[in-house]
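Here is a short report for a reader meeting this structure for the first time. Look at the chain below, then follow the text section by section.

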Amino acid sequence: MIDMLKQLFSQDSTDSKASRKPDAHQLAVAATVLMVQLSRVDTNEDERELQTIVDCAVDAHEVTPEEAKAILDDALAHADDATSLYQFTETLNAELDQEGKLVILESIWRVAFADGRIDKYEEHLIRRMADLLHLNHREYMQCRHRAEQSRSS
C-alpha cells in the first residue's frame with residue numbers, strides 16, 4: 001500500500017514538473033520582458049528600442065516579424081505585472097545553456113544602444129541582469145562590445 005502511494009505521488013510530482021517546463025514562446029517572452037524592462041528604466045520607452053526588441057526576437061528566436069510583435073505584446077503585458085526580474089531570469093537559467101544566455105545579454109545591450117546612448121540606470125540594470133543570468137564580467141563586456149560593433153556596422 002505504501003509503495004503504491006509513493007509511486008502515485010512520484011508520478012504526480014514528475015507530471016507537474018514536466019507540465020511546468022516552459023515552451024519556446026514562454027522563453028522568448030521571458031527574454032523579451034528583460035529587454036522591455038531595460039527600455040523602461042530610463043523612463044523613455046523609445047520606438048527605436050521597441051523595434052530593436054522585435055529585431056532581436058526575429059534573430060534570436062527565428063520567428064517572423066509578426067510573431068516577434070506578438071511576443072513583444074505578451075512581454076509588455078508581463079512586464080507591467082512583474083515585481084522582479086528573478087522570475088524571468090530563473091526561467092532562462094533553467095532552460096538555456098551559457099551560449100543561449102550570452103545571446104540574450106547581447107540582445108539586451110543592442111536594445112540599450114538603440115537610442116544612441118547608454119545611461120547609468122541602463123548600465124546598472126544590465127549588470128544586474130547579467131548577474132542574475134550567472135554571467136561573469138568578461139562575458140558582460142564581450143556582449144557589450146559585440147552589440148556595439150553590430151550597431152556601428
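## Ser39, a buried residue in H2

Ser39 lies in helix H2. In this predicted model, its relative accessibility is 0%. The cut-off for buried is under 20%, so Ser39 counts as buried.

What does Ser39 touch, leaving aside its neighbours within four places in sequence? The contacts are Asn44, Glu45, Glu49, Leu50, Ile53 and Val111.

## Overall build

The protein has 8 helices and 0 strands. Read along the sequence, the pattern is α-α-α-α-α-α-α-α. The chain has 153 residues, and 41% of them count as buried.

Take the contacts with a separation of 6 or more: 73% of them join residues 24 or more positions apart.

## H2 against H6

Helix H6 covers residues 98–113. The axes of H2 and H6 come within 9 Å and cross at roughly 30°. Angles under 35 degrees count as roughly parallel, so H2 is roughly parallel to H6. The crossing is right-handed.

By class, the contact of H2 with H6 has 8 nonpolar residues, 2 polar and no charged.

## H2 against H5

H2 spans residues 24–41, and helix H5 spans residues 86–95. Their axes lie 9 Å apart, at an angle of about 130°. That angle makes H2 oblique to H5. The crossing of H2 and H5 is left-handed.

Which residues make this contact? From H2 come Leu27, Ala30, Ala31, Val33 and Leu34. From H5 come Phe88, Thr89, Thr91, Leu92 and Glu95. The contact of H2 with H5 has 7 nonpolar, 2 polar and 1 charged residues.

## H2 against H4

Helix H4 runs over residues 65–81. Its axis and that of H2 come within 8 Å, crossing at roughly 65°. The crossing of H2 and H4 is right-handed.

On the H2 side, the residues are His25, Ala28, Val29, Thr32, Val33, Val36, Gln37 and Arg40. They meet Ile71, Leu72, Asp74, Ala75, Leu76, His78, Ala79 and Asp80 in H4. By class, the contact of H2 with H4 has 9 nonpolar, 4 polar and 3 charged residues.

## Two pairs across the sequence

Ala60 belongs to helix H3, residues 47–61. With 34% relative accessibility, Ala60 counts as partly exposed.

Gln142 sits in helix H8, residues 137–152. Its relative accessible area is 32%, so Gln142 is partly exposed.

## His134 in a loop

His134 is found in the loop between H7 and H8. Is His134 buried or exposed? At 55% relative accessibility, His134 counts as exposed. The backbone also stands out: His134 has a positive phi of about 60°, although it is not a glycine.

## Confidence

The protein averages a pLDDT of 85, and 86% of the residues score at least 70. Confidence is lowest in helix H1, residues 2–20, with a mean of 48. Confidence is highest in helix H7, residues 120–132, at 96.

How many contacts beyond four places in sequence does the model have for residues 11–19? The count is 0, and pLDDT stays under 50 over that stretch.

Definitions and conventions:
Residues numbered from 1 in each chain as written. Predicted model: local features only at pLDDT ≥ 70, side-chain atom pairs only at ≥ 80, totals over all residues. Heavy atoms only, no water. Axes fitted to C-alpha atoms, helices over the stretch in contact; angles between N-to-C directions. Helix = DSSP H or I, 4+ residues; strand = E, 2+ residues; numbered from the N terminus. Parallel < 35°, antiparallel > 145°, perpendicular 65-115°, else oblique. Left-handed = near helix turned anticlockwise from the far one by under 90°. Contact = heavy atoms within 4.5 Å. Nonpolar A, V, L, I, M, F, W, Y, C, P; charged D, E, K, R; others polar. Buried < 20%, exposed > 50% of the residue type's maximum accessible area, 1.4 Å probe, protein only. pLDDT = per-residue confidence, 0-100.
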